[in-house]
Amino acid sequence: MMVGSHVALGAASWLVVAPHLGQPAVGLVPLGLAVIGALLPDIDHPKSWVGQRARPLSTVCAMLLGHRGITHSLFAVAVCTWLLVEHGFSEATVAPLVVGYLSHLGGDLLTPRGLRLAWPLKGTWALPICRTGSASEPLVVMVALCCAIVATVGLDRVQATVRATGLCRLVPDLPAICQALGGPPSKAQACPPPAAVERQRARVAAPPPARPRPPTRAAGSEPRPATAG
Ligand SMILES: [Zn+2]
């Protein structure tokens, strides 16, 4: 995947995972560490974003290890985690780095080339959904981000935000999406119709105005004669 996709997935992964680890999700330091972790595996590629900035090291890594070798394996995750913990780094530092690193592996796993996750075993693992740099890559990242947002803030708040924007009045296909987000509530609740339609409905539903009824004469009573003057 491209560097932008790894950055987005790294940050999104941390936002989702952090609450489950008892860590602050939103914060410049943990998010930055997650992004760094999400970029680190491509140190084995001299032309990658991180490889260009660590050129001597990335060139050596590429020559000795090859791209998507050990740095893209669970073995690397385990070794890096152990090294960081052994050198006294706190959980607040290690956790976002590891989560970001794993998000990189997850992203690359979606490309046809796949990964040797179980390095040094030779098997390649892949869930080929999109090619690196293809038009479908941003789409896949967007879907992953939407899932991350829903998982982070909850479906109820996402649903309320969609309703509040009123977007479903403007885009014809959005009512179905609103309905899906809204779940049990009716379509009218999920996507309120425009004001003109609402007024027309009110006119149709309103009962006709009551006509004045003629006065009824009580039994046995005579009409009083009109008195002049
Ligand atoms: Zn990679």
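In this predicted model, the axes of α1 and α2 come within 8 Å and cross at roughly 135 degrees. The two helices are therefore oblique to each other, and their crossing is right-handed.

**The α1/α2 contact**

- On the α1 side, the contact is made by V3, H6, V7, L9, G10, A11, S13 and W14.
- On the α2 side, the residues are P30, L31, A34, V35, G37, A38 and L39.
- Sorted by class, the contact of α1 with α2 holds 11 nonpolar and 4 polar residues, with no charged residues.

**The nonpolar core**

- The largest nonpolar core contains 27 residues.
- Within this core, A11, W14, A34, A38, V98, V99 and Y101 have the most contacts.
- The elements giving two or more residues to the core are α1 (3-17), α2 (28-39), α6 (91-109) and α7 (136-153).
- α1 provides the largest share of the core, 8 residues.

**Surroundings of A34**

- A34 is listed both in the α1/α2 contact and among the core residues with the most contacts.

**The chain as a whole**

- The secondary structure consists of 12 helices and 0 strands.
- Of the 229 residues in the chain, 27% are buried.
- Among contacts between residues at least 6 apart in sequence, 51% join residues at least 24 apart.

Technical notes: Residues numbered from 1 in each chain as written. Predicted model: local features only at pLDDT ≥ 70, side-chain atom pairs only at ≥ 80, totals over all residues. Core = buried A, V, L, I, M, F, W, Y, C linked by C-beta atoms within 7 Å. Buried ≥ 20, exposed ≤ 12 C-beta atoms within 10 Å, placed from the backbone. Helix = DSSP H or I, 4+ residues; strand = E, 2+ residues; numbered from the N terminus. Axes fitted to C-alpha atoms, helices over the stretch in contact; angles between N-to-C directions. Parallel < 35°, antiparallel > 145°, perpendicular 65-115°, else oblique. Left-handed = near helix turned anticlockwise from the far one by under 90°. Contact = placed C-beta atoms within 7 Å. Nonpolar A, V, L, I, M, F, W, Y, C, P; charged D, E, K, R; others polar.
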